[in-house]
Amino acid sequence: MSTLHVIRHAQASMFAANYDELSERGREQARTLGEALGRRLAEAGRPSFDAVFCGPARRHVDTAALAGFPDAVVIEGFDEHDGEAMVLASLAQLGEGEGGLSAHPKFAKLAREAADTSLDPRQRSRSWQLLYEAIMRRWLRAELELDGVETWAAFHHRVRAAFAEVRERARGEVAVFSSVGPTAVVLHEVLAVPPERAFEQAWRLYNTAITRVLYSGERLTLDGFNEVAHLPRTQWTHR
């Protein structure tokens, strides 16, 4: 029986010019994670994981490196879907419809709040998350056809393939550094729950949270979810 540790990246730079860069808090989270993993592996008599993989995003690679795994093997399939592009394309599409975006007051209000730099960042983040979730539910149900935006079917296919690739290539104690979306696909596969339910669970993931999956052949078992015991409470963040 092998164990896959699916680790969400550390805090990125929400509302900055480049979201994909880790924030200062994120860099601290990643280092704290690395110290905790080092202790756990040493207690188990292991010098390291048997294999370490990560998605291609800068936040995936940097989280792995700061945690002590600079040589993590990149697997493109563990990249996050482009949530920002999905939201912006969806809002643009709604704006072109009858009555424009004003015909969808809930979306319009959340979009205004998310873009309002005068608001508290926590309020902006909350509004963005609510807007993102509402649009994503339509994306998961294939109710949106957005030019240039990856469909749920395509996203699910590539992450599922990446998940299978890791299980085929590695045995023992294995780690993957990725994001909420790929972790949701893993939950969808392991628990056989509907996609919306899998994402509802994954949206609760804290930065650097560890989700563990036991695997042997075709057998998959969820052994832990959203573990952040390695972080002090003051470092728990969702974004």
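**Ground rules.** I number residues from 1 along each chain as its sequence is written, and my side-chain values use heavy atoms, with hydrogens and water left out. The model is predicted, and local features need pLDDT of at least 70, side-chain atom pairs count only at pLDDT 80 or more, and totals for chains, interfaces and linings use all residues.

**Entry 1: α6 and α7.** I started with a helix pair, which gets described by the angle between the axes and the distance between them. The axes of α6 (residues 152–169) and α7 (residues 180–191) come within 9 Å and cross at roughly 75°. My axes are lines fitted to C-alpha atoms, for helices over the stretch in contact, with angles from 0 to 180 degrees between N-to-C directions. The two helices are therefore roughly perpendicular (under 35 degrees is roughly parallel, over 145 roughly antiparallel, 65 to 115 roughly perpendicular, the rest oblique). On the α6 side I listed Trp152, Phe155, His156, Val159, Arg160 and Phe163, and they meet α7 residues including Pro182, Val185 and Glu189; contact means heavy atoms within 4.5 Å. The contact residues split into eight nonpolar, three polar and two charged. For those classes, Ala, Val, Leu, Ile, Met, Phe, Trp, Tyr, Cys and Pro are nonpolar, Asp, Glu, Lys and Arg are charged, and the others, Gly among them, are polar.

**Entry 2: α7 and α8.** Next I followed α7 to α8, where the axes come within 8 Å and cross at roughly 130°. That makes α7 and α8 oblique to each other. I noted that α7 gives Val180, Gly181, Ala184, Leu187 and His188 to the contact, while α8 gives Pro195, Ala198, Phe199, Gln201 and Ala202. Here the division is seven nonpolar, three polar and no charged.

**Entry 3: the cores.** Which residues touch the most other members of the largest nonpolar core? I found Met86, Leu131, Ile135, Met136, Trp139 and Phe199, out of 34 residues. A core is a set of buried Ala, Val, Leu, Ile, Met, Phe, Trp, Tyr and Cys residues joined through side-chain atoms within 4.5 Å; buried means under 20% relative accessible area, exposed over 50%, partly exposed in between (1.4 Å probe, protein chains only). Elements giving two or more residues to this core include α3 (83–96), α5 (121–140) and α8 (195–202). The largest share, eight residues, comes from α5. I also checked Met86: beyond its neighbours within four places in sequence, Met86 is in contact with His81, Tyr132, Ile135, Met136, Trp139, Leu146 and Val149. A second, separate core has 16 residues, among them Leu4, Phe78, Ala162 and Val166.

**Entry 4: His60 and α2.** Is His60 buried or exposed? His60 counts as buried, at 0% relative accessibility. I placed His60 in α2 (residues 58–66), where Arg59, Asp62, Thr63 and Ala64 are buried too. The cover over the buried residues of α2 includes α1 (24–43), β2 (51–54) and β4 (173–178). After α2 comes Gly68, with a positive phi near 105°.

**Entry 5: two loop alanines.** Ala142 sits in the loop between α5 and α6, with a positive phi near 60°, and counts as exposed at 62% relative accessibility. Ala192 is in the loop between α7 and α8; its phi is positive, near 55°, and Ala192 counts as exposed at 67%.

Technical notes. Helix = DSSP H or I, 4+ residues; strand = E, 2+ residues; numbered from the N terminus.
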